[in-house]
Amino acid sequence: AGKDKAAKPSRLSDIVKSINTEDDTTIGALVDSLGERAFGALMFIFAVPNIIPTPPGTSAILGLPLVILTWQVLIGRQSLWLPAVVRHRRISRELISAFVNKVTPVMARLERVLKPRIGFLVSSDASERLIGLVTFPLAVALFLPIPFGNILPAAAIACVALGLAERDGLAVGVGYALALASVAVLAAISSALYIGVMAFFNALFGL
């Protein structure tokens, strides 16, 4: 059977507003609360805290589940699976509250312009696998401790997630453009780090 690509899911802002901010929770509990809305919503929820100011260690908490999630989009899974060690990882009340309070107003404004369009980028199994192909390496980059390397990949994944959730191919296209920019920036950062490390060892050992 397969997923109904034409069905329009609940608004992401409503999904985010429904998250309990009063207590610490686990990634597994958050996933279970989202049910069938999990893929697009969770890609957005796990990516955005890497763009906005949040408590230290955010990427370490949310990076691995984002890698696992985007991999499953890539291989075309119909339901989300997470290993027990990830499901049991705790998310602090402070992190959840910061995310909900800072993101919901922005999301509500974005949803005024998001609408189903440019369907070939988002409305088929092949297009969703392409989304996984683009976002998976970006999620890996988020998980790695690359200095200043989080914002653009996170923004790209967030845009693609919005497009996936709202069936908006334009948002997905913007995410793809940000993904290309992310590759350029990460390549520049990696090159600068390599040159810096080599210069250090050359100075240290007189090479």
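This is a predicted model: local features need pLDDT of at least 70, side-chain atom pairs count only at pLDDT 80 or more; totals for chains, interfaces and linings use all residues.
**Helix packing**

Two packed helices are described by the angle between their axes and the distance between the axes.

| Helix pair | Angle between axes | Distance between axes | Crossing |
|---|---|---|---|
| Helix 7 and helix 8 | about 150° | 9 Å | left-handed |
| Helix 8 and helix 9 | roughly 165° | within 8 Å | left-handed |
| Helix 7 and helix 9 | about 35° | 11 Å | left-handed |

Helix 7 spans residues 125–143, and its axis makes an angle of about 150° with that of helix 8. Because angles over 145 degrees count as roughly antiparallel, helix 7 is roughly antiparallel to helix 8. On the helix 7 side, the contact is formed by Glu 128, Ile 131, Thr 135, Leu 138, Ala 139 and Leu 142, and they face Pro 153, Ala 154, Ala 156, Ile 157, Val 160 and Leu 164 of helix 8. Sorted by class, this contact between helix 7 and helix 8 contains ten nonpolar residues, one polar and one charged.

The axes of helix 8 and helix 9 cross at roughly 165°. These two helices are therefore also roughly antiparallel to each other. Helix 8 contributes Leu 152, Pro 153, Ala 155, Ala 156, Cys 159, Val 160, Gly 163 and Leu 164 to their contact, while the residues of helix 9 include Ala 171, Val 172, Gly 175, Tyr 176, Ala 179, Ser 182 and Leu 186. The contact of helix 8 with helix 9 has 16 nonpolar and three polar residues, and no charged ones.

Helix 7 also packs against helix 9, at an angle of about 35°. Here Ser 127, Leu 130, Ile 131, Val 134, Leu 138 and Ala 141 of helix 7 touch Val 172, Tyr 176, Ala 179, Ser 182 and Leu 186 of helix 9. By class, nine residues of the contact between helix 7 and helix 9 are nonpolar, two are polar and none is charged. Ile 131 and Leu 138 of helix 7 take part in the contact with helix 8 and in the contact with helix 9.

**Second largest pocket**

The volume of the second largest pocket is about 320 Å³. Its lining consists of 20 residues, and those nearest the centre are Phe 44, Val 106, Leu 110, Cys 159 and Leu 162. Helix 6 (93–110), helix 8 (151–166) and helix 9 (169–205) each provide at least two lining residues. Helix 6 has the largest share, with five residues. The lining of this pocket comprises 17 nonpolar and three charged residues, with no polar ones.

**Largest cavity**

One cavity of 30 Å³ or more is present in the structure. The space in the largest cavity comes to about 100 Å³. Ile 19, Thr 25, Leu 30, Ile 45, Pro 49, Leu 62, Ile 91, Leu 95, Ile 96 and Phe 99 form its lining. Helix 6 gives the most to this lining, with three residues. In the lining of the largest cavity, nine residues are nonpolar, one is polar and none is charged.

Key:
Residues are numbered from 1 along each chain as its sequence is written. Side-chain values use heavy atoms; hydrogens and water are left out. On a 1 Å grid over the protein atoms alone, a cavity is a set of points where a 1.4 Å probe fits but cannot get out, and a pocket is an open set with protein on both sides within 12 Å along at least five of seven lines; lining residues have an atom within 4 Å of a point. Grid points are joined across faces, edges and corners, and a volume is the space filled by probe spheres set on the points. Helices (H or I, at least four residues) and strands (E, at least two) are DSSP runs, numbered from the N terminus. Ala, Val, Leu, Ile, Met, Phe, Trp, Tyr, Cys and Pro count as nonpolar, Asp, Glu, Lys and Arg as charged, and the others, Gly among them, as polar. Axes are lines fitted to C-alpha atoms, for helices over the stretch in contact, and angles run from 0 to 180 degrees between N-to-C directions. Angles under 35 degrees count as roughly parallel, over 145 as roughly antiparallel, 65 to 115 as roughly perpendicular and the rest as oblique. A crossing is left-handed if the near helix is turned anticlockwise from the far one by less than a right angle, and right-handed if clockwise. Contact means heavy atoms within 4.5 Å.
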